[in-house]
Amino acid sequence: MRVICITNHDLLPDQKMAEMSYKAWRDTYVDAIDGIAACHPEAIVLREKLLSGIDYTNLYEAVLRKTAAEDTFIIWHDHFEALRLYMRFHKKTQWPRAVFFSGREAGGLSSSEMKELKQAGISYGLTCHSLVDLEDVKRADADYMMASHIYQTNCKRDLKPKGIDFLSEVCHDSEIPVIALGGIAPDNAMACIDAGAYGVAVMSLAMKEDKEDLKQLISM
């Protein structure tokens, strides 16, 4: 099964990580991402919204060095201006193959900036939380989208999940790949594929210290 893992240092087993500075948790985090890469998901979204552009770039490079031996590619997340600088000072062969934008970041980008990525050969994906979002994704000419959240998840415990019917409708109305996100596990992932999803994305499952569920999901 096509599985995209999304990282979040707040979900590292040591709960104190969320209270530490970036420099204090970076190495532990990079090791954790290497553990995810060793399970061979299709890709890993390096998601750390609150870092500065400089720290995010530093983290991205550290992750690339650590996971170089794996065949999983790392997806850049948000931080568009930092990405521009990274592309300016690095060879094209070092540029990320794909970018994923949260709704907040995508809302601040112009169509010309999106086109800039296309022309650079970098694919980009957007979030889809509603059928209104779906139309925005289409207008933005995104290469893929993440429909969220499909099942109940601790990350959004106070919000009602959208459910399989929503996922099915999005997949039916879209010609670009749809990735199902939110509460995905080995026992419900296949329902997402049956609904038309290209693949699934996981965050909590990926960040667990025990990787058996992640490995099972990837092997399906």
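**Charged pairs and nonpolar cores**

Modeller: Let's start with Asp136, which counts as partly exposed because its relative accessibility is 35%. Keep in mind that this is a predicted model.

Colleague: OK. Which residue does Asp136 form a salt bridge with?

Modeller: Arg139. The closest N and O atoms of Arg139 and Asp136 are 2.4 Å apart.

Colleague: Where do Arg139 and Asp136 lie?

Modeller: Both are in helix H6, residues 131-139. They sit three residues apart, about one turn of the helix.

Colleague: And Arg139, buried or exposed?

Modeller: Exposed, at 62% relative accessible area. The cut-off for exposed is over 50%, so Arg139 qualifies.

Colleague: Why would such side chains pair at all?

Modeller: Opposite charges can pair when the charged atoms come close.

Colleague: How many salt bridges are there in the whole structure?

Modeller: A search of the whole structure finds 11.

Colleague: Show me another. What does Arg26 pair with?

Modeller: Asp27. Their closest N and O atoms are 3.3 Å apart. Arg26 is partly exposed, at 21% relative accessibility. Buried means under 20%, so Arg26 does not count as buried. Asp27 is partly exposed too, at 48%.

Colleague: What about Lys208?

Modeller: The side chain of Lys208 meets that of Asp213 in a salt bridge, 3.1 Å from N to O. Lys208 is partly exposed, with 35% relative accessibility. Asp213 is partly exposed as well, with a relative accessible area of 30%.

Colleague: Those are pairs. Which residues are linked in a network?

Modeller: Glu81, Arg84, Glu113 and Glu116. Salt bridges link them.

Colleague: Switching topic. How many residues are in the largest nonpolar core?

Modeller: It has 63 residues. Those with the most contacts inside it are Leu46, Phe101, Leu167, Ile184, Cys192 and Val202.

Colleague: Which helix gives the most to this core?

Modeller: Helix H1, residues 22-37. It gives seven residues.

Colleague: Pick out Leu167. What does Leu167 touch?

Modeller: Leaving aside residues up to four places away in sequence, Leu167 touches Ala147, Ile150, Val178, Ala180, Cys192, Ala195 and Ala197. Cys192 is also one of the residues with the most contacts inside the core.

Colleague: What lies apart from that core?

Modeller: Another core, of 14 residues. Among them are Ile6, Phe73, Tyr144 and Met146.

Technical notes
Residues numbered from 1 in each chain as written. Predicted model: local features only at pLDDT ≥ 70, side-chain atom pairs only at ≥ 80, totals over all residues. Heavy atoms only, no water. Salt bridge = Lys/Arg side-chain N within 4 Å of Asp/Glu carboxyl O. Buried < 20%, exposed > 50% of the residue type's maximum accessible area, 1.4 Å probe, protein only. Helix = DSSP H or I, 4+ residues; strand = E, 2+ residues; numbered from the N terminus. Core = buried A, V, L, I, M, F, W, Y, C linked by side-chain atoms within 4.5 Å. Contact = heavy atoms within 4.5 Å.
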